[in-house]
Amino acid sequence: MTSEQVLVPPTRRRAYLHTALTLAVLAGAGYLARRHWPVLEHGAVRLAVADQGWLLVAASAALATWVCSALAQQGAVTDRLPPGRLVAAQLAASAANHLLPAGLGAGAVNLRFLMRCGLSAGRSATALAVKATAGVVVRGALIAVLTLACPGVLLMPSLTVGWVAAVIVVACVAAVLLSSGRCRRALAAVAADIRAVHARPQRAAALWGGSLAFTLLHCAVLIAVTQAVALSLAPARVALLYLAASSAAALLPTPGGLGSLDAALALALTAGGAPASAVASAVLGYRLLTMWLPLVPGLLVLGLLVRRKAL
């Protein structure tokens, strides 16, 4: 039996598992949409007559997220990347991310772009890991700060035997993974790139500034939409609920968070005290500006970059 024959079945099983999970989430989202269709319809009507000024602010913030994503990606490498193509690659990556689960589309586009810019496959992969690490750290710090600023919004689960057992299992799995030689080498490569980036203050500022601005702008999109539809929640509370919901939705590998992010946002805002019709309008507006409206332009840019061999 050849190595290819050994490796293919697990790969196919993972692909089947991702596909099955995606279909299950989409089916659940479709069921909930059908069940709550009057609320969704009322939310769409409310969005259509929303404050146009706030919607323009939300659209401007959504456009700026791609620039900030490009800035963070530039900060993750010491080499200078072509700025125009870098921003275009982020738009293309965003579109590709809506077609493949678990961020595979965005990762593949950015990896290919970095390799076309002259970086090796290993350095390109570590650059993506550096950017992702900065994003996780920034998101965690913002959640901690906003939790202190808005006490009582996020409720910690009670400490039970089940939670303790789950933490122990996760810790054991992490220890096993970290003990492997391949994982240690990958972490060493990421640590080396992090040190190289922070040896250049401009790159470090771009990495952390871009990552922070990217996350804050996504919060700003949702905040502006909630203001447009007159949703009665404080901006800081909306930002915290968004960060918590999007972090939870990331655990379900659906394309672009389709279904999982929508449901998580709706649940979080409703639990935060907003009426259902206003929540439907806010979630619909946020998803239109960050996913559906940029999808076709992003796919066109993706095709153009591929045609010009920039990817």
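Modeller: Start with burial: a residue is buried under 20% relative accessible area, exposed over 50% and partly exposed in between, using a 1.4 Å probe and protein chains only.

Biologist: What kind of model is this, and how are its residues numbered?

Modeller: The model is predicted, so local features need pLDDT of at least 70 and side-chain atom pairs count only at pLDDT 80 or more, while totals for chains, interfaces and linings use all residues. Residues are numbered from 1 along each chain as its sequence is written, and side-chain values use heavy atoms, with hydrogens and water left out.

Biologist: Is Ala50 buried or exposed?

Modeller: Ala50 is buried, because its relative accessible area is 6%. In the chain as a whole, buried residues account for 38% of the 311 residues.

Biologist: How many helices and strands does the chain have?

Modeller: Helices (H or I, at least four residues) and strands (E, at least two) are DSSP runs, numbered from the N terminus. This chain has 12 helices and zero strands.

Biologist: How far apart in space are Ser246 and Ala268?

Modeller: Ser246 and Ala268 are 9.8 Å apart, C-alpha to C-alpha, with a sequence separation of 22 residues. Ser246 belongs to helix α10 and counts as buried because its relative accessible area is 11%.

Biologist: Next, helix packing. By what are two packed helices described?

Modeller: Two packed helices are described by the angle between their axes and by the distance between the axes. Axes are lines fitted to C-alpha atoms, for helices over the stretch in contact, and angles run from 0 to 180 degrees between N-to-C directions. Under 35 degrees counts as roughly parallel, over 145 as roughly antiparallel, 65 to 115 as roughly perpendicular and the rest as oblique.

Biologist: At what angle do α3 and α4 pack?

Modeller: The angle between α3 and α4 is about 115 degrees, and their axes are 8 Å apart. α3 is therefore roughly perpendicular to α4.

Biologist: And what are the angle and axis distance for α5 and α6?

Modeller: For α5 and α6 the angle is about 130 degrees, with the axes 9 Å apart. The result is that α5 is oblique to α6.

Biologist: On to charged side chains. How many salt bridges does the structure hold?

Modeller: Side chains of opposite charge can pair when their charged atoms come close. A salt bridge here is a side-chain nitrogen of Lys or Arg within 4 Å of a carboxyl oxygen of Asp or Glu. The structure holds two salt bridges. One joins Arg123 to Asp79, with the closest N and O atoms 2.5 Å apart.

Biologist: Which parts of the chain does that pair link?

Modeller: The pair links distant parts of the chain, 44 residues apart: Arg123 is in helix α6 (residues 121-149), and Asp79 is in the loop between α3 (52-75) and α4. Arg123 is partly exposed, because its relative accessible area is 34%. Asp79 is partly exposed too, at 30%.

Biologist: Which residue pairs with Arg287?

Modeller: Arg287 forms a salt bridge with Asp262, at 3.1 Å from N to O. This pair also links distant parts of the chain, 25 residues apart, with Arg287 in helix α12 (residues 276-307) and Asp262 in helix α11 (residues 260-271).

Biologist: Is Arg287 buried or exposed?

Modeller: Arg287 is buried, with a relative accessible area of 4%.

Biologist: Last, the backbone. What is the phi of Ala230?

Modeller: Ala230 has a positive phi of about 60 degrees although it is not a glycine. Ala230 sits in the loop between α9 (201-228) and α10 (235-249). The residue is exposed, because its relative accessible area is 58%.

Biologist: Where is Lys309 placed?

Modeller: Lys309 is in the segment after α12. Its phi is also positive, near 60 degrees, and Lys309 is a residue other than glycine. At 60% relative accessibility, Lys309 counts as exposed.
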